[in-house]
Amino acid sequence: MNTIRYVCLLALCTLWSCDNMGTQQQVDRDAINKAMAQREIKHILPAEIVKATYEQGETIAKKAQQIAIEQYQNNGEKAERFMSSPNMPEIDSLAEVYQAKIKWVTSSMNAEELQLSELEQQLWEAYLYNVENELEVNDNVQKIGDTHFLYTKPYLLDPKTRKKLPGSETALSKKQLLGMWSITLSKKEVIKGME
């Protein structure tokens, strides 16, 4: 009788441990399938990556601009001093979320504060030239090596912006360049955002 009990107990323990092992293997299998799906090779055209960079950069720039305008409105600064200080914790948080490097560039900043790359400097000078000569200014995407992109977005003190910035009504009548958002994005993160 005791032998039968031990055999039944052993059989139950074996079945119970097999069931637990099966559950554990299933969880591992699910995690492996998910990881494999993420690593699946997908063919993405360079133009698609540039388009995604443009869209992601534009989203970040809009959010950063909104943060800056809210800070301006809360501090009651004059339009001429609008966003002269690039040190905003909210912008740092935004950069962390998108795993990007975000800089605000203005002509009131000295070269040490700016710390611009050669490409950023060229784009900044082009924006200044275009505004001075009343030419169109647009956001821009440039490739930096094989691993990063640079998105730049100029911001003008135009009628639309003036409405958001009380005290700017008496500013210059023609468009004035407030500054430029310079956003460096990882190609890897841009591609992840495309999924």
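You're looking at a predicted model, so local features need pLDDT of at least 70 and side-chain atom pairs count only at pLDDT 80 or more, while totals for chains, interfaces and linings use all residues. Residues are numbered from 1 along each chain as its sequence is written, and side-chain values use heavy atoms, with hydrogens and water left out.

Next, switch to cartoon. There are seven helices and four strands, running α-α-α-β-α-α-β-β-α-β-α from the N terminus. Helices (H or I, at least four residues) and strands (E, at least two) are DSSP runs, numbered from the N terminus.

Now select the strands. They form an open, antiparallel sheet in the order E1-E4-E3-E2; two strands pair if DSSP finds at least two bridges between them. E1 and E2 (140–144) are the edge strands with a single partner each, so one side of each has no neighbour in the sheet. From one strand to the next the twist averages 20°. Zoom in on E1 and E4, which pair over six bridges, and find Lys-103 opposite Ser-182 in E4.

Contact means heavy atoms within 4.5 Å; axes are lines fitted to C-alpha atoms, for helices over the stretch in contact, and angles run from 0 to 180 degrees between N-to-C directions. Then bring in H5 (residues 118–132), which lies across E1, E2, E3 and E4 at about 150° to E4.

Time for side chains. A nonpolar core is a set of buried Ala, Val, Leu, Ile, Met, Phe, Trp, Tyr and Cys residues joined through side-chain atoms within 4.5 Å. Buried means under 20% relative accessible area, exposed over 50%, partly exposed in between (1.4 Å probe, protein chains only). The largest such core has 24 residues, and Ile-60, Ile-91, Leu-94, Ile-102, Trp-181 and Ile-183 touch the most other members. Elements giving two or more residues include H2 (46–75), H3 (89–98) and E4 (176–186), and H2 gives the most, with seven.

Center on Ile-102: leaving aside residues up to four places away in sequence, Ile-102 touches Ile-60, Ile-91, Leu-94, Ala-95, Trp-181, Ser-182 and Ile-183. Last stop: a separate core of eleven residues, including Met-109, Trp-124, Tyr-127 and Val-131.
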